[in-house]
Amino acid sequence: MKFAIVLFALFAVAIAAPTETQVLRSESDVGPESYKYALETSDGTSKQEQGQLKNVGTEQEAIAVKGSFTFVGDDGQTYTVNYIADENGFQPQGAHLPVAPEA
């Protein structure tokens with residue numbers, strides 16, 4: 001009986017042990033006035049982003065970023081967020097995100 005309990009406990013621990021996430025794809029290209037990268041992992045997570053320096057050499061110099069990320073939520077569903085980040089702030093969009101009422 002003790003053997004069965006120990007065997008069951010070891011089996012439960014093996015099932016509950018977290019799996020190691022592996023990087024499937026990783027790309028990047030970084031320049032003096034722009035960058036882009038992409039990352040994809042074995043757990044269903046992915047991210048792509050590109051940024052461009054705007055108004056180079058002026059007081060209004062800033063970076064404008066566009067990208068997206070995808071992940072699998074605790075509920076098992078896959079979620080995607082597309083975004084822009086620029087002089088107007090961070091602007092995410094996704095089917096699961098609430099939308100502000102129009103003014």
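From the N terminus on, the elements run α-β-β-β-β-β-β, that is, one helix and six strands. Helices (H or I, at least four residues) and strands (E, at least two) are DSSP runs, numbered from the N terminus. This is a predicted model, in which local features need pLDDT of at least 70 and side-chain atom pairs count only at pLDDT 80 or more, while totals for chains, interfaces and linings use all residues. Residues are numbered from 1 along each chain as its sequence is written, and side-chain values use heavy atoms, with hydrogens and water left out.

**Burial, surface and contacts**

- Of the 103 residues, 14% are buried (under 20% relative accessible area, 1.4 Å probe, protein chains only).
- Among contacts (heavy atoms within 4.5 Å) with a separation of 6 or more, 10% are between residues 24 or more positions apart.

**Strands 2 and 3**

- Strand 2 (residues 34–41) and strand 3 (residues 46–54) run antiparallel and are joined by seven bridges; strands pair if DSSP finds at least two bridges between them.
- The two strands form a hairpin with four residues between them.
- In the turn, G44 has a positive phi of about 95°.
- S34 lies opposite Q52 of strand 3.

**Strands 3 and 4**

- Strand 3 is also joined to strand 4 (residues 62–72), by nine bridges, and this pair is antiparallel.
- Here Q48 faces S68 of strand 4 as its opposite residue.

Terms used:
Buried means under 20% relative accessible area, exposed over 50%, partly exposed in between (1.4 Å probe, protein chains only).
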